[in-house]
Amino acid sequence: QTLTRVPLIEPSSDLSPEMMGIFAWVTEMEGSVPNHFKVELNFPEFFVAKLGATKVLWEMGELTMSEIQQIGIAISQANGCAYCTAAFCTIWNFGLGASVTEVEELLKEGLNCRQSDRERAMLHYSLKVNKDPGNVTDEDINALRDAGFGEKGIIQITHLVSDFSSYNTLNLALDTEYDYDAIWKATDHIS
């Protein structure tokens with residue numbers, strides 16, 4: 001078992017109300033405070049700013065919370081981040097009520113398992129932006145519009161890819177100790 005490359009700092013009762021709110025939210029969505037958040041507490045000022053931006057992306061755009069988690073799973077899996085893949089699987093399953101079967105299908109089959117044009121277009125675009133953003137075409141953007149996304153949604157998806165990628169980078173580089181259910185650890189199916 002590997003240990004995270006920086007200390008895992010346990011949340012304490014002397015945290016700011018803003019930080020306590022973040023920890024209450026993650027506990028509601030995931031059942032406990034994950035190691036990723038304990039890593040982030042090594043730089044609490046950035047943690048608050050980063051999570052504030054993530055909160056805007058998750059709450060103020062066009063996408064549903066379920067769609068957001070699907071993007072998080074797809075991007076994290078494509079980037080080989082088992083930690084983040086599991087985090088977004090947990091939120092989608094535990095926090096939002098997606099069935100284990102639905103989550104497993106996304107892990108194994110990727111965008112091909114999604115029944116709606118909206119979800120397939122969203123995931124196709126997300127994976128393309130993640131892999132090669134300079135190769136995005138007008139056709140890719142028009143496919144999102146045809147699937148029902150407005151300009152705000154297109155911007156939201158693009159920023160979500162970047163946001164999820166940054167979490168992947170942090171957890172991969174610092175080797176954040178895995179603390180999720182082993183069922184979500186698969187990282188080699190979505191491409």
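Start by selecting Gln69, which sits in helix H4, residues 65-78 (helices are DSSP runs of H or I, at least four residues, numbered from the N terminus). This is a predicted model, where local features need pLDDT of at least 70 and side-chain atom pairs count only at pLDDT 80 or more, while totals for chains, interfaces and linings use all residues. Residues are numbered from 1 along each chain as its sequence is written, and side-chain values use heavy atoms, leaving out hydrogens and water.

Is Gln69 buried or exposed? With a relative accessible area of 0%, Gln69 is buried (under 20%, using a 1.4 Å probe and protein chains only). Now show Trp58, Phe88, Ile91, Trp92 and Leu96: Gln69 is in contact with these, leaving aside its neighbours within four places in sequence (contact means heavy atoms within 4.5 Å).

Keep Ile91 on screen and bring up H1 and H5. Thr27, Glu28, Met29 and Glu30 in H1 meet Ala87, Thr90, Ile91, Phe94 and Gly95 in H5. The H1 and H5 axes are 7 Å apart and at an angle of about 75 degrees (axes are lines fitted to C-alpha atoms over the stretch in contact, with angles from 0 to 180 degrees between N-to-C directions). So H1 and H5 are roughly perpendicular, a label for angles of 65 to 115 degrees.

Definitions and conventions. Helix = DSSP H or I, 4+ residues; strand = E, 2+ residues; numbered from the N terminus. Parallel < 35°, antiparallel > 145°, perpendicular 65-115°, else oblique. Buried < 20%, exposed > 50% of the residue type's maximum accessible area, 1.4 Å probe, protein only.
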